[in-house]
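Notebook open, structure loaded. I want the overall build first, then a few spots inside.

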Amino acid sequence: MKAKILIAIAALAAAPAIGFCQDVNKLIKQDDVERVIKTLSADDMQGRGTFTPGIEKAAQFIESEFKAAGLKPMAGAAGYRQTFSQTRITPVNPKVIFDGTAVPDDKVAIMTGSAFNWKSDSTVSVVQLTDEKTYRKQLGEAMRSGKNLVVIFDASMADLFKRIRDRATKGSISSGRQSKPVVYVLGAPAPKAFEASCEVKSEELPLSNVVGIIPGKTKPDEYVVFGGHYDHLGILKPMEGDSIANGADDDASGTTAVITLAKYYKTLNNNARTLVFVAFTAEEIGGFGSQYFSKQLDPDKVVTLFNIEMIGKPAKFGENSAFITGFERSDFGAILQKNLEGTAFKFYPDPYPEQNLFYRSDNATLAALGVPAHTISTDQIPTDKFYHTVKDEYATLDVNNITATIRAIALSSRSIVAGKDTPTRIPKLAK
């Protein structure tokens, strides 16, 4: 397997990229890729959980890499940090009573942006979930109803409920919109009468994207963005003695690609358009980093976003392949593939449309504003047993696959970076 990948990498070097990309194999070195991803996914980063010392350490490392590469801060910024704050709201004293009997605390989870007190309130809809395969659809439909919700999980869905409860206990970040309370209950029959109440605690907490740029030589007001999120889940419940969710694939692999591409393009230093390299924060808790970032640039001047997410293992299509979410929404993928003619690498449409991946990563905010913003990934997410667990460690990665994918992104982006190709826009979402 490794021998075949090395042959394919050699084929990438034979691509018609004279002048623009020089020798991509020499400029994008596998040992440096390995160094960066090992550092980001090391135990001392403590899983890069949002609002933890671990994510601060990761941000400092990314800053040092951008500085060493010679990137400049964004216009008006003193450094590479793009710092903002969000309000974390934590539920306090939750109480749920079904038909006169208190539901045990460990069977209750509450997500809310405000205090509430319900007593068989007619504005509350009671929803029962019995099948983990279809719960996303059912829950999504219920939430779109605009009603307050009591959601009852079947006892067989205890693991799913526990994950939700763990998140709820840590609190949630306010989106600025008034969110409807949701009360989750495990293993109880639907009540004829109920009571539910909760108080909340609010805290203002800082967050930081890490952003560096290479100004464009002839089209400085047109932006090509390369991004990936550097946060992960932090410390989880121990599994076989390990509690650190290292996030090696999700998304130290994508962040490594962003850092590596920054070095590559700074070495070339011949980009027509301004290149923006961003490590997004808080993707795992709501995409708040990319949401803030999208407000710092005029979206009409953003030519495209290469969002890179989980490239640590071979794609379902085999070696030297990756997929692009929302492939059919613009000609972004077609441009990339055209630039890879003569190589062994190929980009495919997203093979997992049922996962709704296009709206589950940091490309979504800019895409909603009309930017051809797509995610490049290789992860076989329906069968990835390491996803969002403490087992997502460096040892599970295929560094050959990561390096080949980064090199392919470098070669496939060259006509966009040079100002020769401009991907078609995506229809804006109605506000």
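Before I start: I call a residue buried when its relative accessible area is under 20%. I also remind myself that this is a predicted model.

**Entry 1: a buried asparagine.** I looked up N401, which sits in helix α11. Its relative accessibility is 3%, so N401 counts as buried. Which residues does N401 touch, leaving out those up to four places away in sequence? I get I311, G312, K313, P314 and T378. I also checked N401 against E34: the two are 367 residues apart in sequence, yet their C-alpha atoms are 11 Å apart in space.

**Entry 2: helix α3.** That took me to α3, which covers residues 30-40. Its buried residues are V33, V36, I37 and L40. Next I asked what they pack against, and found three helices: α4 (53-69), α7 (248-268) and α11 (399-412). Helix α11 is where I had already placed N401.

**Entry 3: a threonine in α7.** From the α7 side I picked T256, a residue of that helix. Buried or exposed? At 0% relative accessibility, T256 counts as buried. Leaving out residues up to four places away in sequence, T256 touches V33, V36, I37 and L40. Those are the names I wrote down as buried in α3.

**Entry 4: the whole chain.** Stepping back, I counted secondary structure and got twelve helices and 17 strands. For overall size I took the radius of gyration: a compact globule of 431 residues would have one near 22 Å, and the chain has 23 Å, which agrees. Along the principal axes, the C-alpha atoms fill a box of roughly 75 × 45 × 40 Å. I find 53% of the 431 residues buried.

I then looked at contacts with a separation of 6 or more in the chain; residues 24 or more positions apart account for 85% of them.

**Entry 5: surface and charge.** The chain exposes about 18,800 Å², and carbon and sulfur atoms supply 52% of that. How far apart are the mean positions of the positive and negative charges? I counted 51 positive and 49 negative charges, and their mean positions are 3 Å apart.

Definitions and conventions: Residues numbered from 1 in each chain as written. Predicted model: local features only at pLDDT ≥ 70, side-chain atom pairs only at ≥ 80, totals over all residues. Heavy atoms only, no water. Buried < 20%, exposed > 50% of the residue type's maximum accessible area, 1.4 Å probe, protein only. Helix = DSSP H or I, 4+ residues; strand = E, 2+ residues; numbered from the N terminus. Contact = heavy atoms within 4.5 Å. Rg over C-alpha atoms; globule rule 2.2 N^0.38 Å. Areas by Shrake-Rupley, 256 points an atom, 1.4 Å probe, with all protein chains shown as cover. Lys, Arg positive; Asp, Glu negative; His and termini not counted. Charge placed at Lys NZ, Arg CZ, Asp CG, Glu CD.
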